[in-house]
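Subject: Structure handover

Hello,

Here is the structure for your files. My notes on it follow below.

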Amino acid sequence: RLYGLHGVYSGEPLVGGDFEITIEVDFDDKGIEFDALSDTISYVALLDTVKKHMSVPTPLLQKLGKLILDDIYLHYPFIKAARLNILKLQAPIAAFQGRVGVSLNRVY
C-alpha cells in the first residue's frame with residue numbers, strides 16, 4: 001500500500017489517496033540455481049520502481065501501470081510476462097464504498 005496523488009476528479013491530485021499495488025513477474029528458471037539474489041528479481045528493486053512512479057502525479061492509473069511495467073522490463077529484460085494491479089482504496093464515487101482499479105497484463 002502506497003500513497004499517491006493520482007486521479008482525474010476534482011481534488012484527487014491535491015489530496016491524494018491510498019493505493020494497493022500487486023505485481024507478478026514470470027521468468028524462465030532453466031539452469032538457475034537460485035543461490036544469490038543476482039539469480040532472480042529483487043522484491044526491493046520492484047518496490048523501489050513502484051515507489052518512484054507513485055511519487056509522480058499521474059491522472060490515469062492505466063498510464064501509471066504502463067510506466068511501471070515499462071521500467072520493470074527495462075531492468076529485467078529476461079522476464080517472460082508481468083501482471084500489475086493498482087487499486088484505489090477510497091475512490092471518490094458518489095454512493096460507492098469499496099475499491100476500484102486496473103489490471104495490466106503483458107507477455108514479452
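The protein chain has three helices and four strands, taken as DSSP runs numbered from the N terminus (helices H or I, at least four residues; strands E, at least two). Their order along the sequence is β-α-β-α-α-β-β.

This is a predicted model, in which local features need pLDDT of at least 70 and side-chain atom pairs count only at pLDDT 80 or more, while totals for chains, interfaces and linings use all residues. Residues are numbered from 1 along each chain as its sequence is written, and side-chain values use heavy atoms, with hydrogens and water left out.

Mean pLDDT (the predictor's confidence in each residue, from 0 to 100) is 92 for the protein chain, and 100% of the residues score at least 70. Confidence is lowest in helix 1 (residues 12–15), with a mean of 82, and highest in helix 3 (residues 61–75), at 97.

The C-alpha trace spans about 55 × 20 × 20 Å along its principal axes. Of the 108 residues, 34% are buried, meaning under 20% relative accessible area with a 1.4 Å probe, protein chains only. Among contacts (heavy atoms within 4.5 Å) with a separation of 6 or more, 57% join residues 24 or more positions apart.

Strand 4 (100–107) gives the most to the lining of the largest pocket, with three residues. Helix 3 also supplies at least two.

Regards

How values were computed: Buried < 20%, exposed > 50% of the residue type's maximum accessible area, 1.4 Å probe, protein only.
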